[in-house]
Amino acid sequence: MAIRLLHTPDWQLGKPFTRFARGDPPALLREARLAAVERLAELARRVEATAVLVAGDILESEHAGPDLLRRMVHRMAPFAGPWLLLPGNHDPARPGGIWERFARSGDRPANLHLLAEPEPLSLAGGRLVILPAPLRQRHVSDDPTAWFDAAARPTAAVVVGLAHGPVPELLPDGGGQANPIARDRAERAGLDYLALGDWHGVRQVGPRTWYSGTPEPDDFTATGLGEALLVDVEAPL
C-alpha cells in the first residue's frame, strides 16, 4: 500500500509586500497566500493524502501574531489528516519563540505536528517515519540533516526526511552556505524521500530528493504558477 504525501514549503504567510506603498494590494496578496493553504488542504483531502509535509518558512517572520496563526489553522481545516510543519530560517524554532508560544496557546489542533525537535515521528500506524531537520536559528553552518544517517527507524516503514536549506552545489559559485544540505543525503541515510524547502521553484536534486516549489512564487528565479508535489511511496511489505 502506498504512502501518499503532499510536499509544499515556503508559504511565508504574513509577508508585508512593502513594494506596494499604498492601496489594497498588500492585503489582497496576504489573503491570496492563505487561500493557497486552503486549496492545498482541499487537494490533500481529495487525493486522500497520508500527510502534508510543509518544509519550512511557513511564516514570513517569527514575529507573526497569533491572529495569523489562527487564520492559517482555519484554512487547513478541510484536511483532517496530519500536517507536518517544519520551522525554517524565516520562522526558526527558538526557545520561547513563535512556535513554542503557538503550541501553548490552545490554537493548535491535534492533527498539526510542529517538528521543532530533531527526532523521529511515527505516523500511519508505524508505516511512515518522518525525520525532521528544524532550524533553531536563521542561519547555521552545519548540515541540519546530518543526524538522519544514524537515526533509528523500523524496517517496515517508509522513511521521509524533511528539511529547509540550500544544496550548495546547485547554487552559482557554491553560494548559500548557511543551512547547507548534502546533495546525497537521501542516499546516505537510506531515505525513501527527502522533502526540501528554500528554493522557490520545483527542482529535482537526486533520485529521491526534491524541492517542490511554493504555492505563491515571488522570489529567487522561480517561474510559472504556484506548485506543490504529490508523492507516492510504496510501503514495505
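Entry 1. I began with β5 and strand β6 (residues 128-133), which run antiparallel and are joined by 3 bridges. I took strands as DSSP runs of E of at least two residues, numbered from the N terminus, and counted two strands as paired if DSSP finds at least two bridges between them. I looked up Ser122 and found that its bridge partner in β6 is Val129.

**Entry 2. Basis of the model.** I note that this is a predicted model, in which local features need pLDDT of at least 70 and side-chain atom pairs count only at pLDDT 80 or more, while totals for chains, interfaces and linings use all residues. Residues are numbered from 1 along each chain as its sequence is written, and side-chain values use heavy atoms, with hydrogens and water left out.

**Entry 3. The sheet.** I traced an open sheet of 6 strands in the order β5-β6-β7-β8-β10-β9, with mixed pairing. β5 (121-123) and β9 (202-206) stand at the edges with a single partner strand each, so one side of each has no neighbour in the sheet. Neighbouring strands of this sheet are turned by 25 degrees against each other on average, direction ignored; the axes are lines fitted to C-alpha atoms, and angles run from 0 to 180 degrees between N-to-C directions.

**Entry 4. Strand β8.** I checked burial in strand β8 (residues 193-197) and found 5 of its 5 residues buried (under 20% relative accessible area, 1.4 Å probe, protein chains only). Tyr193, Ala195 and Gly197 lie on one side, Leu194 and Leu196 on the other, and both faces are covered. Strand β7 (residues 158-164) runs parallel to β8 and is joined to it by 5 bridges; His164 has Gly197 as its bridge partner in β8. I also recorded 3 bridges between β8 and β10, again a parallel pair, with Trp210 in β10 as the bridge partner of Ala195.

**Entry 5. Thr209.** I located Thr209 in strand β10 (residues 209-212). Thr209 is buried, at a relative accessible area of 1%. Leaving aside residues up to four places away in sequence, I listed its contacts as Ala186, Leu194, Leu196, Arg203 and Gln204 (heavy atoms within 4.5 Å).

Note on methods
Helices (H or I, at least four residues) and strands (E, at least two) are DSSP runs, numbered from the N terminus. Buried means under 20% relative accessible area, exposed over 50%, partly exposed in between (1.4 Å probe, protein chains only).
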